[in-house]
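My entries follow the structure.

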Amino acid sequence: MKKLVMLLICVLASLPAFGQKSPDWLKAAVFYQIYPSSFQDSDGNGIGDLKGIQSRLDYVQSIGVNTIWLNPIFKSAFIDGGYDVIDYYQVDPRFGTNSGLVELVNEVHRRKMHIVLDLVAGHSSNQSEWFKQSMQADSNLQYSDYYIWAPNKPNDLSEQDASRWVEANAPRAKYYIKNYYDAQPALNYGFAHPDPKHPWEQAVDAPGPQAVRRELQNIITFWLEKGVDGFRVDMASSLVKGDPDKAATIALWKDLTGWFRGKYPEGVLIAEWFNPKQSIAAGFDVDFMRPGKLTSANERGSATPAKVYFAKAGEGSPADWEAYFKDQYESTVGKGYTSLPTGNHDQPRIAGEDRKDPAELKVLLAFLLTQPGIPLIYYGDELGMKYIANSPDVEGSRNRSGSRTPMQWDGSEDAGFSSSSKDKLYIPLDPDPNRPTVAKQDKDPNSQLNYVRGLLKLRKSAAALDNEGGLEFLSDVAQPYPLVYMRHKGNEKYVIAINPTNKSVEAKIVSQSAHRAIYSFGTTETSSYKTGNGVDTIQLPPVSAAVFKLE
Ligand code: GLC
């Protein structure tokens with residue numbers, strides 16, 4: 001009997017992540033994404049750095065966010081803005097030092113906030129020591145199998161796969177497989193279904209892929225031991241090759257996230273997967289959602305421009321979004337979190353030439369910041385910083401530089417971002433002399449900044465509106481405007497009504513059996529919610545949003 005109990009204990013102990021969940025602090029987490037080269041320069045070279053970020057923590061905290069995600073800060077060749085890492089154990093000198101990072105982490109923690117870094121798990125720089133060694137003719141060196149090398153390129157590759165083969169003519173072999181740019185060779189986590197005729201396709205449990213997996217654990221351990229709270233994992237779904245249903249990639253992450261959860265119960269892993277159904281099943285705590293046609297006609301990856309829902313013209317529909325969101329969100333409830341960001345370093349910002357009216361932005365923010373899951377504010381979106389079309393291509397940004405312009409702090413020449421001359425700035429500033437700044441908006445009670453602060457304060461004060469509060473769509477998708485939904489927890493209920501159009505709109509919804517609805521927050525108090533017999537009626541003026549508390 002004793003032996004049996006011991007055996008059971010051993011089995012349970014060896015099961016990764018057995019019964020363990022995300023840390024509690026995620027329940028109230030609100031993310032703030034910082035692109036480090038663009039946030040605050042402390043040494044006058046025109047490029048942002050860690051000391052700069054540290055000097056702005058009071059501001060970051062004042063927004064109402066509590067968890068910072070930094071885009072990559074490790075030693076890089078900057079062929080892809082830091083997503084081409086040369087040394088995963090070293091902060092790039094552009095940003096500071098390892099001990100400078102520890103100082104920043106401590107300052108963040110002193111404010112009871114958290115900080116996560118960006119882990120480029122799928123590929124390194126072609127200038128990393130690992131890659132340089134794996135190029136050598138001798139294939140028995142420590143890093144030889146960290147990458148995928150092949151002597152010849154098969155003819156039957158799909159177009160997408162073929163585009164990933166880079167002709168290197170290295171002593172080791174003619175080709176390697178990349179993930180994004182040529183300078184980003186894919187790390188070798190193995191193939192889901194290795195073809196014996198393709199000797200370069202190693203199994204996920206072959207020594208090379210297993211060594212890369214251990215390396216990833218070492219990197220994670222290295223930074224978590226320094227106090228970092230976790231990672232956002234770049235292209236997390238890309239690791240195992242030839243894995244269309246992602247089964248092998250999910251299995252790999254289950255292994256790693258299980259190990260992680262056991263070792264760092266307070267740590268978090270956030271996936272860049274854009275498929276919470278898969279990534280949460282793989283053990284991630286959070287995954288991002290794409291806003292689809294809600295906010296942008298030219299969503300990356302979509303061929304045809306669509307009618308945008310959040311546009312004054314009012315020609316869009318939330319139907320696709322509702323279906324997609326329900327499906328993804330419902331499969332993750334109680335297991336992990338979705339996150340619908342205001343933007344990121346890869347997408348055009350929500351503010352731009354096609355959406356520049358502050359009222360419109362406020363309506364969109366009311367929607368984004370009252371969703372379940374973890375809100376994320378991309379630096380500057382709290383001010384309405386614009387996507388600057390035709391910004392120069394910097395370090396592989398291509399047209400993404402328009403979303404990576406320097407943070408706008410004040411009315412000085414460099415907007416308080418740097419003391420360098422204007423022509424040395426990482427990316428040129430928004431040239432508009434009336435560009436929004438923290439200094440201006442901080443003082444103005446009606447500014448977008450203070451509106452965002454108000455929304456986040458409301459979110460914090462009401463359990464129904466927090467990351468785990470429930471969501472129910474109330475309006476009829478066949479009548480797309482306004483969009484009305486409820487957030488609820490226990491007996492607490494909030495109804496949110498959103499009207500992006502330039503017309504007054506009315507929604508009749510099934511009665512929520514409330515005595516009354518109190519306007520709690522929004523763009524204007526002139527909206528109304530009348531409780532009725534069998535039917536509740538909500539009226540909204542043009543371009544407005546309102547949050548009502550039901551009592
Ligand atoms: C991710 C990053 C993007 C980068 C790419 C390759 O999608 O968000 O900025 O270029 O991965 O690493």
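I counted 13 helices and 21 strands in the protein chain; both are DSSP runs numbered from the N terminus, helices being H or I of at least four residues and strands E of at least two. The model is predicted, so I noted that local features need pLDDT of at least 70 and side-chain atom pairs pLDDT 80 or more, while totals for chains, interfaces and linings use all residues. Residues are numbered from 1 along each chain as its sequence is written, and side-chain values use heavy atoms, without hydrogens and water.

I checked the overall size next. The C-alpha trace spans about 75 × 75 × 50 Å along its principal axes.

I then looked up burial: 57% of the 551 residues count as buried, meaning under 20% relative accessible area with a 1.4 Å probe, protein chains only.

Last, I went to an open sheet of three strands, ordered β17-β20-β19 with antiparallel pairing; strands pair if DSSP finds at least two bridges between them. β17 (505-510) and β19 (528-530) are at the edges with a single partner strand each, so one side of each has no neighbour in the sheet. I found six bridges in the antiparallel pairing of β17 with β20 (residues 535-540). Glu506 stands opposite Gln539 in β20.

Conventions. Buried means under 20% relative accessible area, exposed over 50%, partly exposed in between (1.4 Å probe, protein chains only).
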